[in-house]
Amino acid sequence: MRLAVIDEKKCEPKKCGKLCAKVCPRNKLGEECIVINEKAKINENLCVGCGICSNRCPFGAIKIINTPERIGTLTYRYGENKFALYNMPVPEKGNIIGLIGRNGIGKSTAIKILAGEIKIDIENLPTLLKVYLKKQKTISYKPQVLNEVNIDELDKELVKELNIEKKDSYSGGELQKLNIALCLSKDADLYLLDEPSSYLDISERLKIANLIRKRLKDKEVITVEHDLAMLDYLSDKIYSLYGAQGVYGVVSSLYFSLRGINSYLDGYLPAENVRLRREGIKFNLTKADKISEKEIKTSFTNIEKKLGEFQLNIKEGEIYNKEILGILGPNSIGKTTFMELLANKMKPDKGKADKVKISYKPQYLYADMDKMVKYVLPKSKNFKEQIAYPLQLQPLYDKNIKNLSGGELQTLAIALCLSKEADLYLLDEPSAFLDTENRLQLTKILGRIVENNNISIVVVDHDLHLVSQLSDRILFFQGTPKKEGRAELIKTYNAINNFLKNFKITFRRDQDTGRFKANKPDSQLDKEQKKKEKYIKL
């Protein structure tokens with residue numbers, strides 16, 4: 001079976017002279033495989049899957065995909081020549097089920113179907129799914145896109161437990177906690193949480209996971225999550241979604257959490273006999289620290305900055321040429337403030353940071369430009385080879401910036417930051433909304449760019465896998481959130497170990513994939529590592 005998907009926003013028959021219809025072999029035989037009125041339409045029953053129309057389309061509007069033979073049951077399609085979703089995740093009472101997969105593969109579509117936001121015809125679905133969807137259920141849904149929430153409508157115990165204060169405006173992390181609290185405040189049969197960890201630090205993510213487990217232990221729960229440590233810690237079972245981004249997605253069989261995540265990372269789903277990618281994903285150990293003889297790119301001397309009641313103190317240090325410096329610490333501890341000090345967005349009260357040419361990607365992004373992506377990107381060969389191609393920007397070129405998803409907007413912002421000529425590149429939470437593959441690709445791209453150019457990069461992030469793989473050293477922040485923050489440069493392993501120690505959380509590495517796995521509180525491994533003060537076991 002094959003699928004033909006047309007992006008109507010890119011399809012412009014008047015400009016291309018209806019080229020796809022002219023080059024189609026079936027059309028040349030007098031058949032109507034491709035018919036064009038205002039937009040092109042492709043008859044998938046006649047299409048032979050040659051791909052000529054897709055290769056010749058000057059706007060990249062057509063995708064022709066030959067699907068596996070055993071793809072499953074079509075659950076929903078957005079329309080003729082539109083994205084299709086096959087199979088569906090089925091919730092289980094008393095189990096938290098996680099969804100893992102690339103962006104644009106149908107995870108949010110599946111969640112919206114279960115939430116009732118997308119209506120489907122259930123008569124041709126498998127019996128188990130049909131019976132489930134026919135049951136009358138109350139549903140509580142936290143969407144991926146965060147909404148404004150009235151704190152007065154929330155469960156007071158939840159507000160206290162999540163340490164949420166009433167104020168006029170909220171940060172991304174605070175807004176995330178408000179949306180989660182709103183979801184958990186409702187009495188429902190089924191709870192759906194789409195990317196609940198975005199903008200939260202590691203301790204907050206695990207606190208949310210424990211809260212979900214405690215509050216919803218006898219409920220049906222499905223969550224979409226890209227942070228593998230959070231997904232593993234929270235989920236009992238896993239559905240993997242695979243297919244072709246923007247064309248179709250397939251929901252896999254249900255796996256227990258360990259096997260499901262490891263099979264996904266390995267790139268092979270045994271129950272489906274489907275290979276997801278050529279090579280498996282493995283996470284390396286932390287990088288070796290840079291030695292003192294390295295050339296210094298920039299330095300900072302005993303910086304102090306007071307913002308309202310918050311006091312920030314940064315010990316003197318330096319950033320080496322060709323170094324990636326990670327920044328690690330809880331939320332509201334001064335990490336973004338330090339980035340803005342480096343970027344000259346504000347001035348310190350005491351101390352100073354050497355002035356070098358800076359390119360800065362901020363933490364929060366806004367799609368406030370009414371322009372096509374291709375008009376804001378450089379056209380140089382170097383940009384295309386080093387940044388655009390590795391980040392897979394080509395599918396975004398003909399999209400309006402205002403219509404980009406969270407992951408697409410993040411990718412564009414990273415590309416724009418790296419495209420500028422600078423000595424020091426500052427990336428604040430670049431992994432937000434990126435899927436597992438894109439996060440891994442980002443580590444490779446940044447490593448390659450640093451190695452091939454006389455530059456340095458500073459990265460703030462809450463994904464332990466990203467921070468541990470990227471960082472040559474870490475500027476480690478600790479203190480009291482919203483009151484006082486202190487930071488100093490230390491070795492990568494020591495920073496991660498000390499960070500987890502502050503929150504009494506222990507992690508180990510999975511033997512097969514190298515990924516971080518959070519130990520269950522008070523388990524034997526948890527107790528052993530705490531006794532040895534090895535909060536991260538490599």
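Guide: Before we start, one term: two strands pair if DSSP finds at least two bridges between them. Strands (E, at least two residues) and helices (H or I, at least four) are DSSP runs, numbered from the N terminus.

Visitor: Fine. What kind of model is this?

Guide: This is a predicted model, where local features need pLDDT of at least 70, side-chain atom pairs count only at pLDDT 80 or more, and totals for chains, interfaces and linings use all residues. Residues are numbered from 1 along each chain as its sequence is written, and side-chain values use heavy atoms, with hydrogens and water left out.

Visitor: What does the chain average in pLDDT?

Guide: The average is 91, and 98% of the residues score at least 70. pLDDT is the predictor's confidence in each residue, from 0 to 100.

Visitor: Which elements have the lowest and highest mean?

Guide: Strand β27 (residues 536–537) has the lowest, 86, and strand β10 (residues 220–224) the highest, 97.

Visitor: Let's stay with β10. Which sheet order is it part of?

Guide: The order is β5-β6-β12-β11-β7-β10-β9-β8, an open sheet of eight strands with mixed pairing. β5 (74–77) and β8 (139–142) are the edge strands, each pairing on one side only. On average, neighbouring strands are turned by 20 degrees against each other, direction ignored.

Visitor: How many bridges join β7 to β10?

Guide: Four, and β10 runs parallel to strand β7 (residues 96–101). Five bridges join β10 to β9, also a parallel pair.

Visitor: Is β10 enclosed or open?

Guide: Five of its five residues are buried, so β10 is largely enclosed by the rest of the structure. Buried means under 20% relative accessible area, exposed over 50%, and partly exposed in between (1.4 Å probe, protein chains only).

Visitor: Which way do the residues of β10 point?

Guide: Glu 220, Ile 222 and Val 224 point one way, Val 221 and Thr 223 the other. In a regular strand the side chains alternate between the two faces of the sheet.

Visitor: New topic, helices. At what angle do α8 and α9 pack?

Guide: Helix α8 (residues 172–185) and helix α9 (residues 202–215) pack at about 5 degrees, with their axes 12 Å apart. That makes α8 roughly parallel to α9. Axes are lines fitted to C-alpha atoms, for helices over the stretch in contact, and angles run from 0 to 180 degrees between N-to-C directions. Under 35 degrees counts as roughly parallel, over 145 as roughly antiparallel, 65 to 115 as roughly perpendicular, and the rest as oblique.

Visitor: Which residues make the contact?

Guide: Lys 177, Ile 180 and Leu 184 come from α8, and Glu 204, Ile 208, Leu 211, Ile 212 and Arg 215 from α9.

Visitor: And α12, covered or exposed?

Guide: Helix α12 (residues 335–342) is mostly covered, with six of its eight residues buried. Phe 338 and Met 339 are among them. Asn 344, which follows α12, has a positive phi near 60 degrees.

Visitor: Last one: where is Lys 112?

Guide: Lys 112 is in helix α5 (residues 107–115). At 32% relative accessibility, Lys 112 counts as partly exposed. Leaving aside neighbours within four places in sequence, Lys 112 is in contact with Glu 117, Ile 118 and Tyr 141.

Definitions and conventions
Contact means heavy atoms within 4.5 Å.
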